[in-house]
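Keep the structure in view while reading.

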Amino acid sequence: MTGHVPEREAALAHLAGFVPRMGERYARRRNYVEHGADGPTSALSPWLSTGLLTEREVLATALEAHGAEAAASFVREVFWRLYFRGWLEHRPEVWTRYREDVTRLASLHAGTEGWRRAVSGETGIECYDTWLAELVETGWLHNHVRLWFASIWIFTLGLPWQLGADLFLRHLKDADAASNTLSWRWVAGLHSRGKHYVAHADNIATFTEGRFTPTGLADDPEPLAWDDPPDPVWPEAAPVRDGDLHVATQENLAPVRDGTAALVLAPVPLSPEGGTVGERFRTDAVARCGARVVAPEDLPPGRIVVHAHPTGPVADRLARLDREIVFARRTIDEVVWPHATKGYFRLGKQIPQLLSALSLS
């Protein structure tokens with residue numbers, strides 16, 4: 001999928017084109033890896049990750065076009081994004097540990113032959129090498145491919161999940177601290193105790209419709225050793241006051257559209273290495289959004305309300321400033337996050353009530 005133009009108009013056009021496939025076809029075909037304009041998955045995530053589209057908009061569109069029953073599969077996938085964000089905001093230490101691990105592990109593995117083959121696409125596992133090239137060239141991968149890729153990285157190649165997550169964070173146009181970090185932890189068996197995701201050759205063959213039938217994959221690996229995540233702590237939000245200066249960011253450009261923010265923070269790299277398709281997408285989205293771009297250190301004086309997630313690369317960058325900063329929460333976050341303390345399926349049972357609370361049903 002290469003057609004992600006980092007502009008609101010392109011996002012709306014793509015959303016409109018996907019509307020007919022949001023219902024029964026999505027539920028039936030979403031795990032199949034098909035490319036092109038008529039693929040079964042939405043490929044909306046780069047625009048969602050920058051706020052050029054919002055989860056509320058795509059939920060409303062799906063429900064209006066197909067109704068709650070037919071659109072249920074698509075709606076559940078949107079709530080996975082919201083769930084992962086809420087789960088991480090309850091446990092910001094998981095993000096901090098991950099970032100520390102990336103620095104430590106990179107120094108141990110950089111230069112090793114296994115690492116070199118994995119990041120240059122020379123593993124000899126045809127599907128993996130093909131997907132790596134696709135990731136680097138396009139900045140996007142089908143969600144099912146992401147799971148297979150992560151499983152091969154962890155269980156077949158024996159590399160640390162943290163470095164794989166950083167590879168994705170560096171290259172993906174839809175790179176999101178929560179969805180990316182927690183998806184990799186889920187594959188490794190660290191998000192839900194005893195549950196991990198293993199890529200099997202027959203599954204890959206089925207859902208790539210025979211394009212790939214790999215050999216030599218780890219068939220029955222154990223999940224990684226469990227590391228108890230911190231207990232959830234509800235992050236209280238500071239109130240927004242009159243006179244606060246609102247600043248949009250690469251994580252949420254919507255406040256520029258509604259006139260809440262006249263400034264947008266200069267893009268913050270998501271990984272120590274840059275220059276990728278994903279980074280260019282975010283940089284261009286900020287440049288084209290219509291607001292004045294300012295570097296973090298050049299923010300005007302006063303109390304700053306930042307439209308970004310309280311946990312993640314942007315928050316990490318702002319934490320270095322000696323400023324009073326408040327992170328704004330969207331209504332959808334306030335509604336969903338309190339239910340994101342344990343596993344997804346507990347939240348999933350609440351989706352009808354959450355849609356009602358959001359006036360979407």
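In this predicted model, the side chains of D166 and R170 form a salt bridge, with N and O 2.9 Å apart. Both residues belong to helix α10, where they sit four residues apart, about one turn of the helix.

**Salt bridge within a helix**

- D166 has 7% relative accessibility, and because buried means under 20%, D166 counts as buried.
- R170 has 9% relative accessibility, so R170 also falls under the 20% limit and counts as buried.

- D174 and R146 form a salt bridge in which the closest N and O atoms are 2.9 Å apart.
- This pair links distant parts of the chain, 28 residues apart: D174 lies in the loop between α10 (161-171) and α11 (177-188), and R146 lies in helix α9 (residues 143-156).
- Both D174 and R146 are buried.
- R288 and E7 also meet through their side chains in a salt bridge, at 3.0 Å from N to O.
- Here the two partners are 281 residues apart: R288 is in helix α14 (residues 277-288), while E7 is in the segment before α1 (8-18).
- R288 counts as partly exposed because its relative accessibility is 44%, a value between the 20% and 50% limits.
- E7 counts as partly exposed as well, because its relative accessibility is 28%.

**A network of salt bridges**

- Four residues, R25, R29, E34 and E209, are linked by salt bridges into a network.

**The second largest pocket**

- The second largest pocket has a volume of about 650 Å³.
- It is lined by 38 residues, of which E55, E251, N252, R330 and D333 are the closest to its centre.
- The elements that each give two or more residues to this lining are α3 (45-50), α4 (55-70), α5 (72-90), α11, α13 (254-257) and α16 (331-336).
- By residue type, the lining of the second largest pocket has 15 nonpolar, 11 polar and 12 charged residues.

**Helix α6**

- Helix α6 covers residues 92-109, which makes 18 residues.
- From its first C-alpha to its last, α6 reaches 26 Å, close to the 26 Å expected at 1.5 Å a residue.
- The buried residues of α6 are V94, W95, Y98, D101, V102 and L105.
- These buried residues pack against α5, α10, α11 and α15 (313-318).

**Helix α8**

- Helix α8 covers residues 126-138 and has 13 residues.
- The distance from the first C-alpha of α8 to the last is 18 Å, close to the 18 Å expected at 1.5 Å a residue.
- In α8 the buried residues are C127, Y128, D129, W131, L132, E134, L135 and T138.
- The buried residues of α8 pack against α7 (113-120), α9, α10, α12 (201-207) and α14.
- Just after α8 comes G139, which takes a positive phi of about 75°.

Notes
Residues are numbered from 1 along each chain as its sequence is written. This is a predicted model: local features need pLDDT of at least 70, side-chain atom pairs count only at pLDDT 80 or more; totals for chains, interfaces and linings use all residues. Side-chain values use heavy atoms; hydrogens and water are left out. Buried means under 20% relative accessible area, exposed over 50%, partly exposed in between (1.4 Å probe, protein chains only). On a 1 Å grid over the protein atoms alone, a cavity is a set of points where a 1.4 Å probe fits but cannot get out, and a pocket is an open set with protein on both sides within 12 Å along at least five of seven lines; lining residues have an atom within 4 Å of a point. Grid points are joined across faces, edges and corners, and a volume is the space filled by probe spheres set on the points. Ala, Val, Leu, Ile, Met, Phe, Trp, Tyr, Cys and Pro count as nonpolar, Asp, Glu, Lys and Arg as charged, and the others, Gly among them, as polar. The expected span of a helix is 1.5 Å times one less than its number of residues. Contact means heavy atoms within 4.5 Å.
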